[in-house]
Amino acid sequence: MSDANLLYTDTEDAVRDSVRRLFAGRCTPEAVAAIYDEPRTDFTDVWKSLSTELGLAVLLVPESLGGAGASTREAAVVMEEIGRAVAPVPFLSSAVLATVAMLTAGETQMLPSLADGSTTGALVIPLSIPPGAVTLTVRVSDSVLTGRVTSVAGAKGADVLVVPVIGSEGVELHTVMPGAQGVTVTPVLSLDMTRPIADVEFSSAASTRIDTGAADAAVAEALLCGAVLLASEQVGVAQWCLETTVSYAKDRKQFGRAVGSFQAVKHRLADLWLEVSSAAAAARYAADAYARGDADSSIAAAVAQAYCGDVAVHAAEECIQLHGGIGMTWEYPAHLYLKRAKSDQLALGTAYRHRAQLAELVDLRPR
């Protein structure tokens, strides 16, 4: 705890500025909302700019493999900005989950292409699975996969699928091309269409094993890192909702005065500010602890996920309610943030699951 530094460095501030400028021009609320009218709206160019032009898909990849050799601190800044813009980019599914799984498994052939953004990956597990609770439904025999996995984030549009499977000697990690024979990727209509999910079915699909005997550890590490960084995205969502609502409360007049001058509104916004500030501290500490390899990083991740998801949902709800009638309209972007907040609240484990895991981590047994 004494080594923790929650202040943002100049490099992290520069990353934030670059990402925010990109999203301000290419991920406007109107552009993002278009996904709900036309699900095939293409944001590939935004992802390419983020991953290739800004070079941010490489953050968690070591320099020896063509990456930036950065840490979850820098990646957390990107996730905050993704949350603030509700950006429909596969950073979490590709640059975090798939990349960390392959990196931990010892795969070195495909990582450089993931790092430079020319390849997008997806870890084939249900998005709702929390760290330490994976139940595998795909089996392998002679490098042929059979099974089905539901609600996989980023599977549709991925160039490579990273699949944890049950082999004859335990858990293995395999890669499969989505267009290969025997692979079916079926999009699923979800609440948050800015982070599309799909069901993936393997019917005698040929695959390539990539792990060196540590596949279960690779999946666990990917989920832990994902949970750490998802908290930062939740903070980004909450911060946008708070800042937008405060600005609106200052400008909107009712009975000849700004609605923000009414005591009831002041109290709600003050309470929300405290929640969002606390969530930011929890998420930032989780990212810093993981980056330092702190022994308490699992505890920090569980604390952040147990708290930040609920705060993001509350912030989005307050944003809609305190905006009054306009907050309920399709044209106003508040609904985009509520959908992302609610989706994130369920992703990688609910707050209840993380509280239960936290109790185990700190050896808190019921009496």
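Colleague: Which side chain meets Arg16 in a salt bridge?

Modeller: Keep in mind that this is a predicted model. Side chains of opposite charge can pair when their charged atoms come close. Here the N to O distance is 3.0 Å, and the partner of Arg16 is Glu80.

Colleague: Is Glu80 buried or exposed?

Modeller: A residue is called buried when its relative accessible area is under 20%. Glu80 has a relative accessible area of 5%, so Glu80 is buried.

Colleague: Where does Arg195 lie, the residue that pairs with Glu233?

Modeller: The closest N and O atoms of Glu233 and Arg195 are 2.7 Å apart, which makes a salt bridge. Glu233 is in helix α7 (residues 215-251), and the pair ties together parts 38 residues apart in sequence. Arg195 itself lies in the loop between β6 (183-188) and β7 (197-206).

Colleague: What is the relative accessibility of Glu233?

Modeller: Arg195, at 9%, counts as buried. Glu233 counts as buried too, because its relative accessibility is 0%.

Colleague: Which Asp forms a salt bridge with Arg195?

Modeller: Look for a partner whose closest N and O atoms are 3.0 Å apart. That partner lies in helix α10 (residues 334-346), 149 residues from Arg195. Both members of the pair are buried, and the Asp is Asp344.

Colleague: How far apart are the end C-alpha atoms of helix α8?

Modeller: Helix α8 (residues 263-291) has 29 residues. At 1.5 Å a residue, α8 should span 42 Å. The model agrees, because the end C-alpha atoms are separated by 42 Å.

Colleague: Which residue with a positive phi follows α8?

Modeller: Check the backbone after the helix for a phi near 70°. The residue with that positive value is Gly293.

Colleague: Is Thr212 buried or exposed?

Modeller: Thr212 has its place in the loop between β8 (208-209) and α7. The cut-off for exposed is over 50% relative accessible area. Thr212 has 67%, so Thr212 is exposed.

Colleague: How many salt bridges does the structure hold?

Modeller: Some of them share partners, joining Glu12, Arg73, Arg284, Asp288, Arg292 and Asp294 into one network. For the structure, the number of salt bridges is 19.

How values were computed:
Residues numbered from 1 in each chain as written. Predicted model: local features only at pLDDT ≥ 70, side-chain atom pairs only at ≥ 80, totals over all residues. Heavy atoms only, no water. Salt bridge = Lys/Arg side-chain N within 4 Å of Asp/Glu carboxyl O. Buried < 20%, exposed > 50% of the residue type's maximum accessible area, 1.4 Å probe, protein only. Helix = DSSP H or I, 4+ residues; strand = E, 2+ residues; numbered from the N terminus. Expected span 1.5 Å × (residues − 1).
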